Amino acid sequence: MDYSTGSAWFQKSQQIIKDIAVESKCFFLTCSPCHFIKEDRLDPKEIAKKTGKTAKLYFSTVKEEEKPYNLWKHFDKDLARDMSLYITGQMYSREKIPHQTRQLITVAALTVLSKPDELKLHTHAALNVGCTKEEIAEVIFQTSIYGGVPAANTALTVLKEVLEERDAE
């Protein structure tokens, strides 16, 4: 079956998504032909406020040049704003689980995916929201079973670097 964006299947799935959105009075952000996230309409000012509050909570200890927002902004200011409002203002700020849990999950995922640059950001965020270095290390050790020891070693190196960087401040 052809799942490309020009295929009949893709066009039909997009129409179904639009129909559901109209019926439920919400809209969907389409990440791929097979995945979408329901998002209730929120006041843009409230989203901007949540974005700023959550960004400060998570990333206040991250150097400006290491923040993805600044990289995105270099290429497309409007898209950078939209991505920040969604990722930080609507996903990270959700209150369904505590910030500590959210960040430990993020550390686990980034460890298994071997994404050290993003892991560095979220190691700062985990510490900023109250996770201990022992909890973060334990999550990393746990992931070695599923993601492999090399990925865990990379993550432990990142954790060590972040802790040393924070001690130096």
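The legends below describe close-up views of a predicted model. Residues are numbered from 1 along each chain as its sequence is written, and side-chain values use heavy atoms, without hydrogens and water. Local features need pLDDT of at least 70 and side-chain atom pairs pLDDT 80 or more, whereas totals for chains, interfaces and linings use all residues.

**View 1. The lining of the largest pocket.** The largest pocket has a volume of about 510 Å³, where a pocket is an open set of points on a 1 Å grid that fit a 1.4 Å probe, with protein on both sides within 12 Å along at least five of seven lines, and lining residues have an atom within 4 Å of a point. Of its 21 lining residues, Phe59, Pro68, Trp72, Thr88 and Tyr92 are the closest to the centre. Helix 4 (77–92) gives the largest share of the lining, seven residues, helices being DSSP runs (H or I, at least four residues) numbered from the N terminus.

View 2. Arg81 pairs with Asp78 in a salt bridge whose closest N and O atoms are 3.4 Å apart, the term meaning a side-chain nitrogen of Lys or Arg within 4 Å of a carboxyl oxygen of Asp or Glu. Both residues lie in helix 4, three residues apart, about one turn of the helix.

View 3. The closest N and O atoms of the salt bridge between Lys120 and Glu165 are 3.1 Å apart. This pair links distant parts of the chain, with Lys120 in helix 6 and Glu165 in helix 8 (residues 149–168), 45 residues apart.

Methods. Grid points are joined across faces, edges and corners, and a volume is the space filled by probe spheres set on the points. Helices (H or I, at least four residues) and strands (E, at least two) are DSSP runs, numbered from the N terminus.
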